[in-house]
Amino acid sequence: MILLPERLDHLLSRLGYCSRSEVRHWIREGRVTAEEGPVRPATRVHPEGVRIDGQPLDHPGPIYLVYYKEAGTVCAQGDPRSIYHDFPPRWSCRRPALSSVGRLDRDTSGILLLTDDGDWLHRWIHPRHQTPRQYRVHLAEPLVENAGVVLSSGNLQLEGDSKPCRPAGFLRCSDTEILLTLQEGRYHEVRRMMAALGNHVVALHRERFGPYGLKGLMPGEWRLLSLEEAGKEQECSGLPM
Ligand code: URA
């Protein structure tokens, strides 16, 4: 991805380095260099050529990543158990902010995508795309015999919802363990589906989201996606200025 030239003060503040007004001090202190030569806050610079204290900028382009959420953590910002504590502190000051693609409940573990690219985020959560999400579900009781028929019917109506659930893929691993594939992401959907079948979820783990899985990651770990993996390799436009 080719990043377009951008005002230095805008660039450093949107990446969370410092406020726009602090940029002047950073320049005066000799902390900032650019391939364009001596700079002022308003100088348009190529992000890849900027150095802070001799170091290249931390992800001047958009961020796409796969994260392994641990059970007991939350997707909201500002909570002591927030997943955002697992990312570099500077990222919490980036604009646009890093956001998760949908959410998982506190007690759910597994895959989450995170990005600061709003188009990419919407591409995955928009109902039109019916992105498959695969869950491993551990249940308190053996699942009823006809569960597969009910789950795949597209007729399962959850209390308080205006439409029935979309047909779900279902694989029985044991009496109390199933693999469930949903094509939508409603609030507490898996737990409510199992409750509608008279059961109770004791552990819930999301193994896959669209084409992405958790291979090589431990709870709390993340890995950046390449532009190719994110399906962004064709784009050569920069970020808005
Ligand atoms: N369904 C749930 O019930 N919880 C989640 O976290 C995700 C899907």
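Analyst: In this predicted model, T131 lies in the loop that runs between helix 3 (118-125) and strand 9 (133-139). Although T131 belongs to a loop, it is buried, because its relative accessible area is 3%, which falls under the 20% cut-off. Setting aside the neighbours within four places in sequence, the residues in contact with T131 are R123 and W124, then L182, Q183 and E184, and finally F209 and G210. Of these contacts, R123 and W124 fall within the range of helix 3 (118-125).

Turning to the cysteines, a search of the whole structure finds 0 disulfides. C75 is accordingly in no disulfide, and the nearest cysteine sulfur, which belongs to C93, is 20 Å away. C75 is also buried, with a relative accessible area of 5%. The sulfur of C93, for its part, has its closest cysteine sulfur in C18, and because the two are 11 Å apart, they are too far for a bond. C93 counts as partly exposed, at 41% relative accessibility.

As for confidence, the mean pLDDT of the protein is 95, and 97% of its residues reach 70 or more. Residues 236-241 call for caution, however, since pLDDT stays under 50 there, and where pLDDT is low, the predicted coordinates should not be read in detail. The model has 17 contacts beyond four places in sequence for residues 236-241.

Key
Residues numbered from 1 in each chain as written. Predicted model: local features only at pLDDT ≥ 70, side-chain atom pairs only at ≥ 80, totals over all residues. Heavy atoms only, no water. Disulfide = S-S within 2.5 Å. Buried < 20%, exposed > 50% of the residue type's maximum accessible area, 1.4 Å probe, protein only. Helix = DSSP H or I, 4+ residues; strand = E, 2+ residues; numbered from the N terminus. Contact = heavy atoms within 4.5 Å. pLDDT = per-residue confidence, 0-100.
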